[in-house]
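User: I am new to this structure and would like a short tour. Could you take me through how its parts are arranged?

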Amino acid sequence: MKGLYCKLGETAAEAKFVIQETNVPSALGSNQVKVQVKACALSPLDIKLHEDLKFQRDLVPVGREIVGIVHQVGPKVTFFQPDDEVVGILPLDTAMSGLCDAVVINEHHLVQKPEKLSWVEAAGAIRDGLRAYTALHTLARIASGHTLLVLDGASPFGVLAIQLAHYHGVKVLASALSSEDQKFLEQLRPSVGVRESLVARVIGVWDAKVDLVDSCLEETGGLGVDIVIDSGVRLHEEEPEARRLLPYKHDIITLLGVGGHWVTTEQNLQLDPPDSRSLFLKAASLSFLNEEVWGASSARQGRYLHIMKDIVEKLSTGTLRPQLEDPVPLFDATVSMEMVQKKQVRKRLVIQL
């Protein structure tokens, strides 16, 4: 069978996505499950992370967020049986692409898919839901009454973070990178027919006349926000076009309130002494968002599965409602992944016909 892989080059820019023949192991390990894949989500591949972990391979599997039907189980599998519908995330060190017709995966990376939940929604939201939980609960420890700023709120991750925060009684502010994103966020509702908006204020940073810091301080009466989740930080004056709407680190620190928490996705963030001093004076804290840590230690396995179960339950009840594009067929997967990696589109879903 065929799967989608990333062929690494000398630099990240030279990486190419190719369809490659691959084999599924015929014999299952004790706790392994063979899943017939029904849908798979394509998210940007962190090539640098694979290099840091020294996996030492030329072809990196692509498409780790999967949903499907259990076809076969190993002798010690206790959670599943054949014909169960499941959703999960292939581990970072997997050798199999989620775009294969079938994959073999340890049962501790899967949860049951509720019957009411569609294949596409399950695959499209499981990883972003995990990121939202990690950012809001594990790192920021949100509580009712907090004020949260989600940067790039119209992204697949941003939408789920907004919905999850609103569910817990948090006041949400969000930035929009375009007029279309702003309109979308302003019309975002908890459910169909409800007038109340999920976002208390949408800040259109695409408009040069709008200032992110001033808007946040105005909305909070000058106190600042309790939590910020960024989508990256502008590190230099001269940045590529795609990063020019990102805030500077000084802006984020300025709009943080006393005891605030900054959750960053910027891997290369560096704080200068004045930045650290400002955080110290506010008794504020900084965390790095990396959802891959859940697979790094078996000690967190139970909590990881609990989070994924809660995500699919909230998806099935409509508490979390991902905004997804129409899925594409397998023969469009290579082009779609290239667009995702270049950030021309935010996410793509591939459905197995």
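**Domain arrangement**

Analyst: The C-alpha centres of domain 1 and domain 2 lie 29 Å apart. This is a predicted model, in which local features need pLDDT of at least 70, side-chain atom pairs count only at pLDDT 80 or more, and totals for chains, interfaces and linings use all residues. Residues are numbered from 1 along each chain as its sequence is written, and side-chain values use heavy atoms, leaving out hydrogens and water.

User: Which residues belong to domain 1 and domain 2?

Analyst: Domain 1 covers 2-124 + 300-352 and domain 2 covers 144-288; such bounds come from an automatic or database domain assignment.

User: What area do the two domains bury between them?

Analyst: They bury about 1,100 Å², with 55% of it on carbon and sulfur atoms. Buried area is the accessible area (1.4 Å probe) that two parts lose on being put together, summed over both. Arg321, Gln323 and Arg346 supply 52% of the area that domain 1 buries against domain 2, more than any other three residues.

User: And how many salt bridges cross that interface?

Analyst: The rule finds 2, where a salt bridge is a side-chain nitrogen of Lys or Arg within 4 Å of a carboxyl oxygen of Asp or Glu. The side chains of Arg346 and Asp152 form a salt bridge at 2.7 Å, N to O.

User: Changing topic, is Ile89 buried or exposed?

Analyst: Ile89 is buried, at a relative accessible area of 5%; buried means under 20%, exposed over 50%, and partly exposed in between (1.4 Å probe, protein chains only).

User: What does Ile89 touch?

Analyst: Beyond residues up to four places away in sequence, Ile89 touches several residues, including Arg64, Ile105 and Tyr304, with contact meaning heavy atoms within 4.5 Å.
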